Amino acid sequence: MIAAPALAPVGPNALAALHGRVFETPRPWSAPDFRALLGEPSVFLLTEPQPGSAAEALQPVAPDGFLMGRAIAGEAEILTLAVAPEARRQGLGARLVAAFLAAARARGADSAFLEVAADNEPALALYRAAGFAEAGRRRGYYRTPEGRPIDALVMSRPVG
């Protein structure tokens with residue numbers, strides 16, 4: 001049985017390393033990006049290693065996945081969600097999103113939102129399965145490394 005994701009202190013270098021493995025567009029965040037966000041009181045981090053993995057032995061240093069969220073003034077936002085390629089298709093992303101909704105509710109949020117690249121079909125499927133629906137579109141919000149624009153979809157749902 002895999003434990004539910006929990007709040008966990010993970011260093012900015014480990015977060016940036018995993019983020020760099022899974023993101024190209026939008027650009028991966030750096031350790032200073034993560035360090036700055038982790039310093040904000042409204043930001044929280046959820047992680048979960050896979051049982052028996054090297055990450056489990058090193059936890060909280062190297063999670064198999066993480067979700068960084070923010071809750072403020074009755075709203076919660078998924079800032080980023082990253083799952084290592086070898087840990088995908090095992091329900092980790094869904095557990096992290098469910099834990100995010102619980103953490104957001106505990107922080108007094110009534111609604112949740114996120115932005116996702118319009119061409120990221122696995123993420124769109126995950127968020128739709130979690131009850132998020134498209135609320136808007138930001139045309140050309142992201143750029144690939146080659147400079148091609150990609151729309152961002154804004155998705156939202158009630159937290160309760």
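Is R139 buried or exposed? R139 is exposed, with a relative accessible area of 67%. Here, buried means under 20% relative accessible area, exposed means over 50%, and partly exposed lies in between (1.4 Å probe, protein chains only).

The model is predicted: local features need pLDDT of at least 70, side-chain atom pairs count only at pLDDT 80 or more, and totals for chains, interfaces and linings use all residues. Residues are numbered from 1 along each chain as its sequence is written, and side-chain values use heavy atoms, with hydrogens and water left out.

**View 1. R139 pairs with D151 in a salt bridge.** The closest N and O atoms are 3.0 Å apart. A salt bridge is a side-chain nitrogen of Lys or Arg within 4 Å of a carboxyl oxygen of Asp or Glu. R139 lies in strand β6 and D151 in strand β7 (residues 149-158), so the pair ties together parts that are twelve residues apart in sequence. Strands (E, at least two residues) and helices (H or I, at least four) are DSSP runs, numbered from the N terminus. D151 is buried, at 18% relative accessible area. A network of salt bridges links E134, R137, R139 and D151.

**View 2. R21 and E86 form a salt bridge.** Their closest N and O atoms are 2.6 Å apart. R21 belongs to helix α1 and E86 to the loop between β4 and α4, so the pair ties together parts that are 65 residues apart in sequence. R21 is partly exposed, with a relative accessible area of 48%. The structure holds nine salt bridges.

**View 3. R70 and E77 meet through their side chains.** This salt bridge spans 3.3 Å, N to O. R70 is partly exposed, at 22% relative accessible area. E77 counts as buried, at 16%.

**View 4. F34 and F66 form an edge-to-face aromatic pair.** Rings of Phe, Tyr and Trp (its six-membered ring) pair if their centres lie within 6.5 Å; planes under 30 degrees apart count as stacked, over 60 as edge-to-face and the rest as tilted. By this rule there are five aromatic pairs. The rings of F34 and F66 are 5.7 Å centre to centre, with 80° between the planes. F34 lies in helix α2 (residues 31-38) and F66 in strand β3 (residues 65-72), so the pair ties together parts that are 32 residues apart in sequence. Both F34 and F66 are buried. Ring pairs link W29, F34 and F66 into a cluster.

**View 5. The rings of F44 and F100 have their planes at 15°, so the pair is stacked.** Their centres are 6.0 Å apart. F44 sits in strand β2 (residues 43-47) and F100 in helix α4, so parts 56 residues apart in sequence are tied together. F44 and F100 are buried. The charged end of R107 sits over the ring of F44, 4.2 Å from its centre. A charge sits over a ring if NZ of Lys or CZ of Arg is within 6 Å of the ring centre and within 35 degrees of the ring normal.

**View 6. R138 lies over the face of Y141.** The distance to the ring centre is 5.5 Å.
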